[in-house]
Amino acid sequence: MESAVLYASLPDLNLPLFLAPAIAQATQRTLQHLLIVLVADFFDVDHPISHSAAWNDVQRLLTFVYVQATKVAQDMNRVLLQIDVLLNGPCDPLPDSVAPHGVFRVEGDPVALPLRFASLLPETLSRGSSSSPPPPLSPTTAPPSSPSPSRFPVVVLGGTFDHLHAGHKILLSMAAWLASEKVIVGVTDDALLVRKAYAEVLEPLAQRTATVRAFLSALRPALSFDIVPINDVYGPTSWDPNIQALVVSKETASGAASIANYRAEHGLPALETFTIDVISATETSLSAADADLLKQTKMSSTYIREWIVQNSRQ
């Protein structure tokens, strides 16, 4: 089918190993857009766990789900399959843009489907059992959880965000998880990208900006978003005193240090910095096996552009 929703509930924030077969099946049967909606009371923004849940647990959960789906899509040569993951409370509405051709459920899942899906006959997918071999990113290899930070009114992050992929979406999702009012996203201007590999298929700034906004709006519609072009590592952090937190990946951690020094030198309040370490293919807290899986899934805009160029020649 062209587009589909996999709608499933979670009992806790442990990695949902039981979902792995359903994620794989749903990905195999979807051609253009798969929306994975994970539902739990603790994803409600007013639930106490929103403030006390482990930061590592949330990013590992997202990584687990994205990796399961992305690896299947790539193995099927559907590199451009759009995969989105939403963490919703039971009463959170789905984006108005969601109009799937089909709905997938997990065997034995008690959560009720939204009324808007009443006209669709859900297809039940198999559930993993405790006797099944554990999928990659096994929780036995996970580092100890650290307490989650409190939410911050304004959170900032930056990047190129070309051909928005799972790594980008984890980064954006974690920034939205931290924010209580606004997320500011700096998107690298076109002029700085002319030397990128396969630059001829790099998406223009307007398209990258629109894609980031659409994803964040679906993820946390109650927040406000400033999506701005940037021409250096600092962006709005060089002048905005109202930002409290910065989200970076392992690869951009050096930029966070530069930002901290700049703000200190110019009398701006210090930022709390949070690093997404599970999406790095070169430096990560994951085990060697798990890091290798991340490399295999190729969460990279360069890989996507290379795939586009190679397939256009065939």
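**Helix packing and burial**

Tutor: Let us begin with a pair of helices: H4 and H5 cross in a right-handed sense. The model is a predicted one, in which local features need pLDDT of at least 70 and side-chain atom pairs count only at pLDDT 80 or more, while totals for chains, interfaces and linings use all residues. Residues are numbered from 1 along each chain as its sequence is written, and side-chain values use heavy atoms, with hydrogens and water left out.

Student: Which residues of H4 and H5 make the contact?

Tutor: Contact means heavy atoms within 4.5 Å. H4 contributes Lys169, Leu172, Ser173 and Ala176, and H5 contributes Val212, Phe215, Leu216 and Leu219. Six of these residues are nonpolar, one is polar and one is charged. In this scheme Ala, Val, Leu, Ile, Met, Phe, Trp, Tyr, Cys and Pro are nonpolar, Asp, Glu, Lys and Arg are charged, and the others, Gly among them, are polar.

Student: Why are H4 and H5 called oblique to each other?

Tutor: Helix H4 (residues 166-178) and helix H5 (residues 205-219) pack at an angle of about 50 degrees, and their axes are 10 Å apart. An axis is a line fitted to C-alpha atoms, for helices over the stretch in contact, and angles run from 0 to 180 degrees between N-to-C directions. Angles under 35 degrees count as roughly parallel, over 145 as roughly antiparallel, 65 to 115 as roughly perpendicular, and the rest as oblique. H4 and H5 are therefore oblique to each other.

Student: How is H3 oriented relative to H4, and how do you know that?

Tutor: H3 and H4 pack at an angle of about 150 degrees, with their axes 10 Å apart. That makes H3 roughly antiparallel to H4. Their crossing is right-handed. On the H3 side the contact includes Trp55, Leu62 and Tyr66, and on the H4 side it includes Ile170, Met174 and Trp177. By class, this contact has nine nonpolar, four polar and one charged residues.

Student: What angle do helix H1 and H3 make?

Tutor: Helix H1 (residues 20-28) and H3 cross at roughly 40 degrees, and their axes come within 9 Å. H1 and H3 are therefore oblique to each other, and their crossing is right-handed. Ala20, Ile23, Ala24, Thr27 and Gln28 of H1 meet Phe64, Val65, Gln68, Ala69, Val72 and Ala73 of H3. This contact of H1 with H3 divides into eight nonpolar, three polar and no charged residues.

Student: How do you know that the span of helix H3 agrees with its number of residues?

Tutor: The expected span is 1.5 Å times one less than the number of residues. Helix H3 (residues 55-75) has 21 residues and should span 30 Å; its end C-alpha atoms are 30 Å apart, which agrees. H4, with 13 residues, reaches 18 Å from its first C-alpha to its last, close to the 18 Å expected.

Student: What makes H4 largely enclosed by the rest of the structure?

Tutor: A residue is buried under 20% relative accessible area, exposed over 50%, and partly exposed in between (1.4 Å probe, protein chains only). In H4, 13 of the 13 residues are buried, so H4 is largely enclosed. H3 is mostly covered, with 19 of its 21 residues buried.

Student: Is Val67 buried or exposed?

Tutor: Val67, in helix H3, has a relative accessible area of 1% and is buried. Val67 and Met299 are 232 residues apart in sequence and 8.9 Å apart in space, C-alpha to C-alpha.

Student: Why does Asn77 count as partly exposed?

Tutor: Asn77 has 42% relative accessibility and thus counts as partly exposed. Asn77 lies in the loop between H3 and strand S3 (82-88), and has a positive phi of about 65 degrees although it is not a glycine.

Student: Where is Phe161 placed, and is Phe161 buried or exposed?

Tutor: Phe161 is in the loop between strand S6 (152-159) and H4. At 1% relative accessibility, Phe161 counts as buried. Phe161 has a positive phi of about 55 degrees although it is not a glycine.

Key:
Helix = DSSP H or I, 4+ residues; strand = E, 2+ residues; numbered from the N terminus. Left-handed = near helix turned anticlockwise from the far one by under 90°.
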